[in-house]
Amino acid sequence: MSKEECKYKDQQLLMYLLSAAELYQPNSLTGHHLILYSQDGENKEYWILHKNVDSVEKRYSQDRNALIFKCKNFKKYQLTIPSFEDANNICSSVEALSCLGKPSLQYPYFYRPTFKFEEDGFDLFHVEHEFTDLCKKSDQWRISSINLHFKACKSYPSQVIVPKLIDDRAIEKSAEFRQDGRFPILSYYHTNGRVVMRCGQPMTGTSNKRCKEDEKMINIILGPAHRGYILDTRTSQSATNARSKGGGFETEFNYPQWRKIHHGLQKHKVQQESLIRLVEACHDQSTNSEKWQSKLESSNWLSLVKETLSAACLVAQCVDKEGASVLVHGSHGVDCTLQVTALTQVLLDPLCRTMRGFLCLIDREWIKAGHPFASRCFHSALSNQKTQMEGPSFTVFLDCVFQLQQQFPLAFEFNSRFLCELSRHAYASQFGTFLCNSEMERRQHKVQTKTVSLWSYFLSEEVLPLHLNIIYESCNGVIWPSVAPHSLYLWDG
Amino acid sequence: MEFIKTPKVENVRLIEQNTRNSVEGTLYLTASHLIFIDAASKHETWLVHTHIQYIDKPSIVQGGSALKLRCKTFQVLIFLISQERDCHDLYSSLLKLSKPETLEDLYAFSYNPRAENLKQQEGWDLFSLNNDFLQMGLPTRYWKISRINNEFGLCDTYPKLVCVPSLATPALMMGSAAFRSKRRLPVMSYLHKNDAVIVRCSQPMAGLNSRSIEDEAYVDLIRRSKTKSSDFMYIVDTRPMINAVANRAQGKGYENTDVYENIKYLFLGIDNIHVMRTSLNKLLEACEDTTCSMSTWLEAVNSSGWLRHVHNVLQVSRFIAQAVGVEGRSVLVHCSDGWDRTAQTCALSAIMLNTHYRTIDGFLALIQKEWLHFGHKFTHRCGHIDGDGRETSPVFTQFIDAVWQLMRIFPCDFQFNETLLFDLHDHVYSCQFGTFLGNCAKERQEYSLAARTYSLWGWMMKRTHTYINPLYKAAMQNTQDDNMLLPPTTPHFVRFWVKMYNRHNRGLLPRQNPMHSVANFKNKTDELKNKVLELKRQKRQLETQLGIVSDPAPVELVKAASTPQMHQQLIPSPLKDEERTTSQPDLIQLKDPQPTMMNHTPQSEPPKREPSPTKPTPPIQPSTDLAVVFTAGESPDELEHSMADLIVDEVNHGDLISDATHLAE
């Protein structure tokens with residue numbers, strides 16, 4: 001996540017590469033990296049992971065052939081290559097190598113760690129641990145292994161936490177009723193006994209189908225006297241529109257204890273377009289102040305951040321202040337839903353603001369929850385390809401956390417550099433953590449046994465201190481940020 | 001006071017602007033302040049009359065009559081008063097009180113800081129122009145300090161002392177002054193260490209065709225007043241070209257490059273005071289609405305143009321700083337009258353060029369020089385007294401904003417923090433002190449402000465401990481490098497200053513201030529350092545008492561010890577203020593600094609207790625001798641611990657700096 005600052009750095013680098021082009025033995029291509037090294041005695045080397053290359057731009061002219069590598073971390077590198085043929089070859093190889101579809105060919109499968117680590121990141125966070133903690137607070141829940149073979153829901157992990165009083169048969173029915181089988185599961189249990197649940201949209205369709213088991217499952221969470229809120233991350237208009245495609249939303253009639261709130265968040269596609277415009281604006285050298293501001297405005301990025309934050313605040317408020325449980329879903333429940341539930345936990349739970357807690361949160365609410373990292377992060381903002389599945393949902397989430405860090409500089413155990421690193425690894429990494437789209441795919445590709453976990457790296461003795469906020473003072477309780485536009489600004493780390 | 005009709009109004013509701021929450025209380029009107037006392041919490045809100053910018057009396061509101069006060073400190077207060085008559089009385093009284101007719105009606109002439117230990121004379125002589133000239137190394141071979149303006153005969157808006165080329169004759173200066181608008185001839189404002197200078201003046205009375213031989217000769221003399229005289233110098237006209245051309249029609253204008261030789265003329269396009277006034281008003285309007293959507297907000301900020309103007313001012317200053325510091329050329333700066341844009345850019349360039357102006361003393365001295373002595377019209381621009389609204393403009397506010405932008409980009413290069421900027425800004429407008437009254441040095445002398453009112457500088461000097469930036473590099477690494485601060489040229493870095501313009505809207509501000517922790521942390525480290533020094537001293541004493549000619553270890557210690565000692569010598573005086581804070585039971589101290597220091601504090605405690613019993617041990621008694629040797633031998637061990645702690649601390653410090661830089665960037 002580097003915008004302006006990196007831009008300046010790159011400018012120098014770019015100049016340097018340009019001026020020192022002759023000194024550079026053009027480059028050597030390995031299976032996974034593009035390596036540049038200088039021969040002028042400085043022994044500087046640049047390693048660019050192929051997967052990090054978003055697109056390659058060719059600028060051929062008579063006297064020189066320039067290749068511009070645009071990376072997913074928004075950096076650009078320009079190479080000048082004397083021979084036309086060489087340039088062409090390099091270009092086509094990198095282009096091919098940067099879009100490897102098959103996970104097992106990718107770098108994490110070949111990477112051997114050079115650092116020592118005590119804990120295996122893949123084994124670090126388990127639903128059982130979470131459940132044992134939960135049991136201390138409430139006996140209303142159980143672990144269900146219904147998804148052991150990913151039959152009920154392809155994007156859920158094999159074990160999930162569900163209400164104790166609901167048996168697996170009912171869950172199966174509920175899964176059939178929900179988009180992609182994403183039945184309601186527990187996301188967060190607050191200290192006051194209220195919960196945040198998440199799921200996919202109900203497949204009510206135009207004929208207003210209903211599912212008794214689903215209704216029972218959702219209502220049982222509340223208990224007799226309480227009320228709850230269903231936060232739909234779509235506007236009521238688009239939720240209604242979804243019915244024509246078989247989707248829809250819960251009607252008040254069938255779910256009498258629940259009140260519906262629509263808080264329209266943009267879909268991943270729109271978010272991606274916004275990011276593209278933002279990065280374009282950041283890279284534009286010629287802007288004056290006015291143009292820059294209007295570009296920033298029209299990129300709509302800050303609106304995304306603001307809306308996501310306010311949605312999370314809304315949920316946090318319902319849970320903490322009103323003592324109501326909240327069910328969050330959008331259409332598929334893998335993008336905006338996760339942004340909101342994860343962010344809510346950052347607000348409510350001091351544990352999530354520690355290093356370990358935050359990693360655990362990402363592991364649980366993003367990776368295990370089935371955010372399709374492989375699809376969403378296949379291309380970033382500098383790609384020429386038309387975007388299909390791509391979307392910076394995770395980046396928006398990190399940006400929101402960054403905004404919180406700005407308002408509460410003492411409350412987080414990790415610093416903003418850590419967030420940048422996370423974003424970088426989500427797009428291109430030597431670690432297997434962010435590979436694939438779901439637990440099922442990861443299981444198929446044996447990610448756990450064949451690659452190294454990013455968490456092992458982050459928690460290793462050498463790396464951990466780099467990402468700690470040294471003025472951290474653990475603060476208990478909820479943090480209430482300001483979501484007024486005055487208080488938010490562009491993350492330029 | 002004759003204007004106060006109702007000194008006390010009860011059952012007044014103070015309405016919070018955004019939440020619409022309100023508190024009930026009593027409103028008091030005194031000669032100088034408006035005081036609201038919350039009936040429930042007894043919380044008092046004080047408002048100096050001069051801080052009131054607009055008073056608005058919206059027509060009928062539910063539950064009484066409303067009075068909306070918009071303040072120069074960007075606070076907005078809405079009072080709901082049950083009786084219409086009371087409200088009207090208040091309105092008319094405040095209207096009169098907030099805009100006195102003469103300077104002598106202002107609060108400064110009646111202010112008496114009873115509670116504070118502040119003497120009337122204090123601060124007035126603190127930043128003399130002469131001192132600043134000496135600080136720059138004047139007089140030099142090429143520049144002299146001239147008393148020609150001692151009776152304000154040369155130019156009545158200039159200070160008594162001016163710095164001019166040493167070869168300039170009075171006749172030449174008089175001739176030049178005659179050709180300049182308001183007789184503000186070119187005089188030196190800043191001398192860089194490479195001999196290049198910043199010279200400021202007003203526009204020439206060039207009109208369409210007139211010229212002045214004296215002025216041309218004088219300007220050329222400025223160019224040549226260097227050891228290595230350059231082939232040309234810059235003349236920076238901070239106005240947009242079109243404004244400068246328009247001025248020609250009125251007999252003013254700009255230097256003709258045909259008759260002024262060896263100059264490079266540049267129009268750098270900062271807009272005039274009227275544009276700035278409208279711009280800030282638009283921005284403040286946008287600030288009031290905190291419930292709007294992101295795009296409305298961005299749109300409003302953009303259309304106000306405030307950030308663009310701040311960026312522009314910074315870029316012009318950057319250009320000047322670069323010309324002087326990097327190219328080594330002298331720069332002559334002017335706008336129309338040379339007291340608004342010129343003051344902004346000259347002062348900012350000086351800050352960028354010289355570390356001295358980034359210290360508290362240097363910064364205040366700079367304001368005294370560039371703004372007060374060189375005649376920025378504070379009375380008019382700030383609207384201290386009733387007068388032409390078109391003369392008011394937030395030029396100084398803009399300067400403060402620009403300084404803040406620099407502080408944000410270079411968080412470790414300034415000795416002072418935001419608090420200083422807030423205090424400064426508020427008291428420029430409060431008229432509580434005489435410092436910022438009057439339009440120029442001559443006017444201040446006529447009112448004999450120095451004898452009749454208190455000085456802001458004296459007041460601020462009493463609270464320097466609250467102004468310290470704990471991340472200030474020079475105090476920490478004792479480096480005295482003369483690094484220039486050149487802000488980036490892209491507009492991305494200029495940011496809306498929420499802590500300034502929404503200062504009174506607590507909900508919008510960051511919830512935690514890391515600087516308290518950092519300051520705390522730094523104090524702790526300083527304490528540890530002192531402790532280590534003390535231990536070393538004791539150890540050396542012990543060793544000499546025992547006559548131990550010791551092994552390599554002490555040598556190492558002495559070597560290590562020298563660093564902190566040097567440290568203390570080089571640290572500029574304000575650090576002493578800071579050290580004072582360690583002993584004071586400050587609010588900050590209440591917080592527990594443990595988390596960041598967890599490993600170190602417990603270890604650092606024992607060494608202090610250990611050596612003290614050994615100290616009085618007399619070496620005469622042979623029986624205890626062994627014990628003494630034993631403890632003496634042990635103490636280095638302890639010292640090493642402390643040292644290790646210290647090193648860890650210092651490492652942490654480094655991290656802290658880089659971290660903060662990172663954060664800020």
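Analyst: Let us begin with burial: a residue is called buried when its relative accessible area is under 20%, exposed when it is over 50%, and partly exposed in between, using a 1.4 Å probe and protein chains only. Please keep in mind that this is a predicted model, in which local features need pLDDT of at least 70 and side-chain atom pairs count only at pLDDT 80 or more, while totals for chains, interfaces and linings use all residues. Residues are numbered from 1 along each chain as its sequence is written, chains are lettered from A and ligands numbered from 1 in the order in which they are written, and side-chain values use heavy atoms, with hydrogens and water left out.

User: How do I read an aromatic pair?

Analyst: A pair of aromatic rings is described by the distance of the centres and the angle of the planes. Here, rings of Phe, Tyr and Trp (its six-membered ring) pair if their centres lie within 6.5 Å, and planes under 30 degrees apart count as stacked, over 60 as edge-to-face and the rest as tilted. By this rule the count over all chains comes to 52 aromatic pairs. In one of them, the rings of A:Phe373 and A:Phe394 have centres 5.2 Å apart and planes at 80°, so the pair is edge-to-face. A:Phe373 is in helix H12 (residues 373-376) of chain A and A:Phe394 in helix H13 (residues 393-407) of chain A, 21 residues apart, and the pair thus links distant parts of the chain; helices (H or I, at least four residues) and strands (E, at least two) are DSSP runs, numbered from the N terminus. Both A:Phe373 and A:Phe394 are buried.

User: What are the distance and the angle between the rings of B:Trp306 and B:Tyr501?

Analyst: Their centres are 6.3 Å apart and their planes stand at 85°, so this pair is edge-to-face. B:Trp306 lies in helix H8 (residues 306-327) of chain B and B:Tyr501 in helix H18 (residues 498-501) of chain B, so the pair ties together parts that are 195 residues apart in sequence.

User: How should I read a helix with buried residues?

Analyst: One looks at where they point, using an arc taken from the directions from the helix axis to the C-beta atoms. In helix H4 (residues 168-177) of chain A, the buried residues are A:Ala170, A:Ile171, A:Ser174, A:Ala175 and A:Phe177. They cover an arc of only 155° around the axis, which puts them on the same side of H4(A). On the other side of H4(A), A:Arg169 and A:Glu176 are exposed.

User: And how do I read a strand?

Analyst: In a regular strand the side chains alternate between the two faces of the sheet. In strand E13 (residues 325-329) of chain A, both faces are covered, with A:Ser325, A:Leu327 and A:His329 buried on one side and A:Val326 and A:Val328 buried on the other. Two strands pair if DSSP finds at least two bridges between them. Strand E10 (residues 195-198) of chain A runs parallel to E13(A) and is joined to it by 3 bridges, with A:Val196 opposite A:Val326. Strand E11 (residues 228-232) of chain A also runs parallel to E13(A), joined by 5 bridges, and A:Leu231 stands opposite A:Val328.

User: What is a salt bridge, and how many are there over all chains?

Analyst: A salt bridge is a side-chain nitrogen of Lys or Arg within 4 Å of a carboxyl oxygen of Asp or Glu, and the count over all chains comes to 43. A:Arg443 forms one with A:Glu439, the closest N and O atoms being 3.4 Å apart. Both lie in helix H15 (residues 439-444) of chain A, 4 residues apart, about one turn of the helix. A:Arg443 counts as partly exposed at 46% relative accessibility, whereas A:Glu439 counts as buried at 13%. In chain B, the side chains of B:Lys499 and B:Glu418 meet in a salt bridge (3.1 Å, N to O). B:Lys499 lies in helix H18 of chain B and B:Glu418 in helix H13 (residues 418-430) of chain B, so the pair ties together parts that are 81 residues apart in sequence.
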